[in-house]
Amino acid sequence: MELGSALIQAVSFFQNYENCHKFMVELRWPDGEVVCPRCGSGHVKYLEKARVWKCYAKHESPKFSLKTGTIFEESPLGLDKWLPAVWMIVNDKNGISSWELHRALGVTQKTAWFMLHRIRLAMQDEKGGKLSGHVEVDESMIGGKSRNMHRSKRAEKIRGSLRLRPALGL
Ligand SMILES: [Zn+2]
């Protein structure tokens, strides 16, 4: 059994942290302004080294990451593992097996199974019990070409990617 090239591409794309970062920011804060997921304030500062933002509003846990408030929040696995899995579930008509994911990500098959289960559960919650088996998302998001696209075209692509939000539990 061979690993699909789409999976290999997704894995290699998300191995680059910058790509994970851009992808998550566009998904979570599509208008470009990062706001605190706890209080909604836009008065935040990105701490590059720690890869977290600090919210200046007065509340507990003022720091938040790309994972905060998503289904990945409590997981020790990085976005480089989670995002290819999300991508494949949302895009692959034929579905992805835990075996394929285990092979592609280098996690155990048990972990791969758990990841798929978790993502599908999040999507199920959103759709009221129905699995959203196939959502069209343009592959060019992964190609990283969206920045060079015509503005309206790009907005369209990003709206497409917003359909990924349920898979993240957002
Ligand atoms: Zn806040």
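Start with Arg51: this residue is partly exposed, with 14 other C-beta atoms within 10 Å. Here, buried means 20 or more other C-beta atoms within 10 Å of a residue's own, exposed means 12 or fewer, and partly exposed is in between, with C-beta atoms placed from the backbone. Arg51 sits in the loop between strand E1 (44-47) and strand E2 (52-55). Helices (H or I, at least four residues) and strands (E, at least two) are DSSP runs, numbered from the N terminus.

A word on the model: it is predicted, so local features need pLDDT of at least 70, side-chain atom pairs count only at pLDDT 80 or more, and totals for chains, interfaces and linings use all residues. Residues are numbered from 1 along each chain as its sequence is written.

Now check the backbone. Most residues other than glycine have a negative phi. Arg51 isn't a glycine, yet its phi is positive, about 55°.

Next, select Ser61, another non-glycine with a positive phi, about 45°. You'll find Ser61 in the loop between E2 and strand E3 (63-64). Is Ser61 buried or exposed? Exposed, with 9 other C-beta atoms within 10 Å.

Last stop: helix H1 (residues 5-14). Select Leu7, Ala10, Val11 and Phe14, the buried residues of H1. Look down the axis of H1: these buried residues fall within an arc of 100° (taken from the directions from the helix axis to the C-beta atoms), so they line one face of the helix.
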